[in-house]
Amino acid sequence: MILRTKKISYIDDRAELIELKNTLSDAKDLFNMIKISEHKDLLEKLDFYTLNRLLKETELRLQTVNYLNSIDENSNTKNLLNIALSNIEFRFSSMGEEELRVSDEFNTTLQRTREAFDICFDKKDKEYIAFEEELRRILNPIMVENNQLTEKHINELEILRKKIEKLNASNNRIFQKYDGDEKFARIHKRIIENEQNINDKDLFVVLFKNKQFVEEQIFTNAQMLNNTPYFKALIDKNIIETIQEGDIQLSQDAVQLISELIIKEFQYTETEAA
């Protein structure tokens, strides 16, 4: 039997895990059939409790292997955190007192870290991407190599949580400036990243006026989002009028960048809503 020859947590072959999962699922079905039959004495013939636990372990290992086989550095942080939480909760559910204390503390910190990552609305921020990499560095040895949890893991995760919360606080300040508009908060950040000589107050004036203008235009005619040249011409015209009225100094590159980012944000939002 596979279980006797290879520890589940070290199986990397997806087909082997699926076969094992199916076998253990059959055992679970058999347990349910015996329970409602007249032959309940058969329940003592097999250790169904252990088989059910092995089924759970196999399902979790299959989740992990599926994750590792489809890693996308830009999109799987939520999956990584969810799988890690499931694995840690299961792996330490029957350990000793000290192991349980460490796993409970780590689990709590991981939950709070997941919440902090979920809150972040700017997944393209360079800091956020670096934090994703740091999260993988912390969790992969635990999930993939089955390393023992230690206080060091908890401390590293807590430091990372504080970093992502600091980024969220910074994002929120920009978010509030634009009346709670994530799109324009992201646009503001991308422009500051690419146009370091731009005045922050001037940028806010240009973006906020364009936020009002674009929202009014889309409210009047949402179909313009499907006509990129027309939509871009309207935005370019309004940006130029805004900087002329306010005597604001913006390079042509900055004007084009603002226009392109606004179009991307609104067209992406429209696609997501469809």
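**Close-up views of ring pairs and salt bridges**

View 1. Tyrosine 178 and phenylalanine 184 are both buried (under 20% relative accessible area; exposed is over 50%, partly exposed in between; 1.4 Å probe, protein chains only). The model is predicted: local features need pLDDT of at least 70 and side-chain atom pairs pLDDT 80 or more, whereas totals for chains, interfaces and linings use all residues. Residues are numbered from 1 along each chain as its sequence is written, and side-chain values use heavy atoms, without hydrogens and water. The structure contains 7 aromatic pairs (Phe, Tyr or six-membered Trp ring centres within 6.5 Å; stacked under 30 degrees between planes, edge-to-face over 60, the rest tilted). Phenylalanine 121 and phenylalanine 175 make a tilted pair, with 5.6 Å between centres and 40 degrees between planes. This pair connects the loop between helices H5 and H6 with helix H7, 54 residues apart (helices: DSSP H or I runs of at least four residues; strands: E, at least two; numbered from the N terminus). Tyrosine 178 and phenylalanine 184 are stacked at 6.3 Å and 25 degrees. Ring pairs join Tyr178, Phe184, Phe204, Phe208 and Phe266 in a cluster.

**View 2. A salt bridge between aspartate 122 and lysine 189.** Their closest N and O atoms are 2.8 Å apart (a Lys or Arg side-chain nitrogen within 4 Å of an Asp or Glu carboxyl oxygen). Aspartate 122 is in the H5–H6 loop and lysine 189 in helix H8, so the pair ties together parts 67 residues apart in sequence. Both residues are buried.

**View 3. A salt bridge between aspartate 181 and lysine 211.** The N to O distance is 3.1 Å. Aspartate 181 and lysine 211 are both buried.
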